[in-house]
Amino acid sequence: MECLGFNKLPEGCVSTILSLTSPPDACKSSLVSPMFRAAAESDVVWERFLPADYHDILCRLVEPLVCSSRKELFLRLCDPILIDGGSKSFRLDKWSGKKSYLLSARELSITWSHDPMYWSWRSTPESRFSQVAELRTMCWLEIHGKMRTQMLSPNTKYGAYLIMKISNRAYGLDLMPSEISVEVSNSTQVCNGTAYLRCSDSKNKQMERLFYGNRREMLRSRVIEGDGRVPCEREDGWMELELGDFFNGEGDEEVRMSLREVKGYHLKGGLIIEGIEVRPKDSRK
């Protein structure tokens with residue numbers, strides 16, 4: 001850096017240059033010299049890393065944030081924070097500053113979720129939301145979510161993920177694949193596939209094989225097989241199932257996400273839904 005004469009540049013000029021990089025690059029540059037450290041800490045740099053609508057997002061927070069600098073605000077927003085009366089969670093990707101949202105189960109359309117015979121709503125300390133939805137027993141599983149693409153970062157590839165758990169008492173969830181879909185309105189972007197809501201309990205699997213027998217293969221023949229995705233573990237203790245992805249340009253369309261298993265007509269239960277997360281696909285975890 002010294003041989004290129006960067007340390008001879010005015011601090012404001014260095015801040016402008018750093019604002020054109022990325023949050024990790026700005027943090028690394030602070031190690032170069034005291035002048036670079038001051039430039040990397042400036043509001044000029046971190047204002048650029050915040051989304052253009054961050055003032056609107058701050059107005060939607062359940063609990064207000066008090067920050068002494070734009071850098072502190074950016075870092076605080078990289079942790080999930082409740083917005084819109086607690087019905088959604090928001091965070092920034094720490095590598096790129098791009099926006100992610102988690103729609104709570106209450107924000108989703110879950111068939112017959114209002115009927116306590118089929119679904120129960122309860123609180124759990126593992127969830128950031130006040131309530132999660134647990135499937136008690138029914139033969140028709142249908143979950144839909146939607147949001148406006150204008151809420152997201154432009155020119156970014158996003159993935160949609162069902163955030164879920166499978167209880168120890170679960171049954172019938174992976175007898176046949178569920179159909180998953182992500183679709184953007186007024187575009188050709190449609191992502192369809194299949195997924196298995198796997199139960200990790202080997203005893204449950206043995207019981208299902210005994211109970212359902214050869215009916216499992218008969219049920220699966222009713223669905224056009226796709227890639228057969230399965231949930232994976234998250235760091236926060238939940239599981240996630242990718243429903244699909246889409247590219248968000250600069251318009252304002254509606255993106256619709258769904259999981260459906262309506263062809264088996266067999267009883268199933270034990271699925272716990274926290275919500276659907278929409279986040280950049282190229283973010284590092």
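Partly exposed, as used in these legends, describes a residue whose relative accessible area falls between the buried limit, under 20%, and the exposed limit, over 50%. Please keep in mind while browsing these close-ups that the model is predicted.

**View 1. The salt bridge between E41 and K71.** In this pair, the closest N and O atoms are 2.9 Å apart. E41 sits in the loop between α3 (34–40) and α4 (43–49) while K71 belongs to helix α6 (residues 70–77), so the contact ties together parts that are 30 residues apart in sequence. K71, with a relative accessible area of 17%, is buried. For context, the structure holds 28 salt bridges.

**View 2. The salt bridge between D53 and K99.** Here the closest N and O atoms are 3.0 Å apart. The pair links distant parts of the chain, with D53 in the loop between α4 and α5 (54–59) and K99 in strand β3, 46 residues apart. D53 is partly exposed, at a relative accessible area of 26%, whereas K99 counts as buried at 4% relative accessibility.

**View 3. S104 in strand β3.** Stay with this strand, which spans residues 99–104, and you will find S104 in it. The relative accessible area of S104 is 3%, so this serine is buried. Which residues does S104 touch, leaving aside its neighbours within four places in sequence? The contacts are S87, F129, E274 and G275.

**View 4. The largest cavity and its lining.** The structure holds one cavity of 30 Å³ or more, and about 40 Å³ of space lies in the largest cavity. Its lining consists of P80, S89, F90, R91, S100, Y101, L102, R128 and E277. The elements giving two or more residues to this lining are β2 (88–92) and β3. By class, the lining residues divide into four nonpolar, two polar and three charged.

View 5. The side chains of R234 and D236 meet in a salt bridge, with an N to O distance of 3.0 Å. Through salt bridges that share partners, R91, R128, R234, D236, E240, E274, E277 and R279 are joined into one network. R234 has 17% relative accessibility and so counts as buried, while D236 is partly exposed at 33%.

View 6. Strand β12 (residues 239–248) is mostly covered, with eight of its 10 residues buried. Strand β8 (residues 156–171) runs antiparallel to β12 and is joined to it by nine bridges. Within this pairing, I163 has E240 of β12 as its bridge partner. Strand β11 (residues 232–233) is also antiparallel to β12, joined by two bridges, and E233 finds its bridge partner in M239. β11 and β12 form a hairpin with five residues between them. Look in the turn for G237, which has a positive phi of about 95°.

View 7. P231 lies in the loop between α8 (215–220) and β11. With a relative accessible area of 11%, P231 is buried. Leaving aside neighbours within four places in sequence, P231 is in contact with M164, Y196, L197, R198, M239, E240 and L241. P231 and L162 are 69 residues apart in sequence, and their C-alpha atoms are 8.7 Å apart in space.

**View 8. An open sheet of five strands.** The strands follow the order β4-β7-β13-β9-β10, with antiparallel pairing. Which strands stand at the edges? They are β4 (109–110) and β10 (190–195), each with a single partner strand, so one side of each is left without a neighbour in the sheet. Strand β9 (residues 178–184) pairs with β10 over six bridges in the antiparallel sense. Along this pair, I180 stands opposite G193 in β10.

Conventions. Residues are numbered from 1 along each chain as its sequence is written. This is a predicted model: local features need pLDDT of at least 70, side-chain atom pairs count only at pLDDT 80 or more; totals for chains, interfaces and linings use all residues. Side-chain values use heavy atoms; hydrogens and water are left out. Helices (H or I, at least four residues) and strands (E, at least two) are DSSP runs, numbered from the N terminus. Buried means under 20% relative accessible area, exposed over 50%, partly exposed in between (1.4 Å probe, protein chains only). Contact means heavy atoms within 4.5 Å. Two strands pair if DSSP finds at least two bridges between them. A salt bridge is a side-chain nitrogen of Lys or Arg within 4 Å of a carboxyl oxygen of Asp or Glu. On a 1 Å grid over the protein atoms alone, a cavity is a set of points where a 1.4 Å probe fits but cannot get out, and a pocket is an open set with protein on both sides within 12 Å along at least five of seven lines; lining residues have an atom within 4 Å of a point. Grid points are joined across faces, edges and corners, and a volume is the space filled by probe spheres set on the points. Ala, Val, Leu, Ile, Met, Phe, Trp, Tyr, Cys and Pro count as nonpolar, Asp, Glu, Lys and Arg as charged, and the others, Gly among them, as polar.
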